[in-house]
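Hi,

Here is the structure I said I'd pass on. Have a look at it first, and my notes come after.

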Amino acid sequence: MNFGLFLTAGWYQVDFNPVINAFTSRGYEVGEFNRVILGLSGYILWDNFLFVGNWFRFLSVEGVSENKRVYFNNMAFSGDVGYVLYHNNLRERRFIVYPSLGVGYSRFEVKGGVIENANFNDLLENPQKSIYINHSQYIGIVALRGHFDFGFNLGLGFGYTFPIFKGNWNTDFGEVYGAPNVDSKGLFGQIMVGFATDKW
């Protein structure tokens, strides 16, 4: 049994425009929009099968309007099963390629509030000074990844995510109606840097 552990960075082609448009239509000036993701990845290799774990977080988008501020971000994690289709050793440098299928959990979050220092009792009397809204989905993942051993381990991955089951937008105390529709659906790419033990 062998394993690998990596830091990851990449992009995620999910359509976040419904949420961004909701901010701008209410007078928020939204910062530069990007789809950069940061996270962790790891696998356990058993014969030719890999059991892969992934976690990533989308870099937050910020919106500001007078004395109000909101943030939007997305995080997800998944468990995948893969199979090594190709492996090679070149001068003791290993190269493997494997497709994988998996399921995961994705969570969208909107945080916001009034920009001011507040007294604890004021917040209890007026909890609308700050908000926290979230939306969860269970997702499916199809991916193709490759790892190259250069002394350290460099990996590249590409894939597609799609929702399996979608929940409602919620606060901690109830559902939120009229929220924009946003899905964890789209292409992603990632670069993985870390280490892995040898097998072949």
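Below is what turned up on the cores, the aromatic pairs and the salt bridges.

One caveat before the rest: this is a predicted model, so local features need pLDDT of at least 70 and side-chain atom pairs count only at pLDDT 80 or more, while totals for chains, interfaces and linings use all residues. Residues are numbered from 1 along each chain as its sequence is written, and side-chain values use heavy atoms, with hydrogens and water left out.

Cores

A nonpolar core here is a set of buried Ala, Val, Leu, Ile, Met, Phe, Trp, Tyr and Cys residues joined through side-chain atoms within 4.5 Å. Buried means under 20% relative accessible area, exposed over 50%, and partly exposed in between, with a 1.4 Å probe and protein chains only. The largest nonpolar core has 23 residues, and the ones touching the most other members are Phe16, Phe23, Phe72 and Trp169. Two or more residues each come from helix 1 (17-24), strand 4 (49-58), strand 6 (68-83), strand 8 (93-114) and strand 9 (130-149). Strand 9 gives the most, with 4 residues. (Helices, H or I of at least four residues, and strands, E of at least two, are DSSP runs numbered from the N terminus.) Apart from this core lies another, of 10 residues, including Phe6, Tyr43, Leu50 and Ile96.

Aromatics

Searching the whole structure gives 17 aromatic pairs. Rings of Phe, Tyr and Trp (its six-membered ring) pair if their centres lie within 6.5 Å; planes under 30 degrees apart count as stacked, over 60 as edge-to-face and the rest as tilted.

Take Phe6 and Tyr43: their ring centres are 5.9 Å apart and the planes sit at 35°, so this pair is tilted. It links distant parts of the chain, with Phe6 in strand 1 (residues 2-12) and Tyr43 in strand 3 (residues 36-46), 37 residues apart. Phe6 is buried at 2% relative accessible area, and Tyr43 is buried at 3%.

Phe16 and Phe58 also make a tilted pair, with centres 4.6 Å apart and planes at 45°. Phe16 is in the loop between strand 1 and helix 1 and Phe58 is in strand 4, 42 residues apart. Phe16 is buried with a relative accessible area of 0%, and Phe58 is buried at 1%. Together with Phe72 and Phe108, these two form one aromatic cluster. Leaving out residues up to four places away in sequence, Phe16 touches Phe33, Phe58, Phe72, Asn74, Phe108 and Val182 (contact means heavy atoms within 4.5 Å).

Salt bridges

There are 4 salt bridges, counting a side-chain nitrogen of Lys or Arg within 4 Å of a carboxyl oxygen of Asp or Glu.

Which side chains meet at 3.6 Å, N to O? Those of Asp80 and Arg145. Asp80 lies in strand 6 and Arg145 in strand 9, so the pair ties together parts 65 residues apart in sequence. Asp80 is buried at 2% relative accessibility, and Arg145 is buried at 3%.

Asp183 forms a salt bridge with Lys166, with the closest N and O atoms 3.1 Å apart. Asp183 counts as buried at 16%, whereas Lys166 is partly exposed at 38%.

Another salt bridge joins Arg107 and Glu109 (3.7 Å, N to O). Here Arg107 is partly exposed at 21% and Glu109 is buried at 11%.

Cheers
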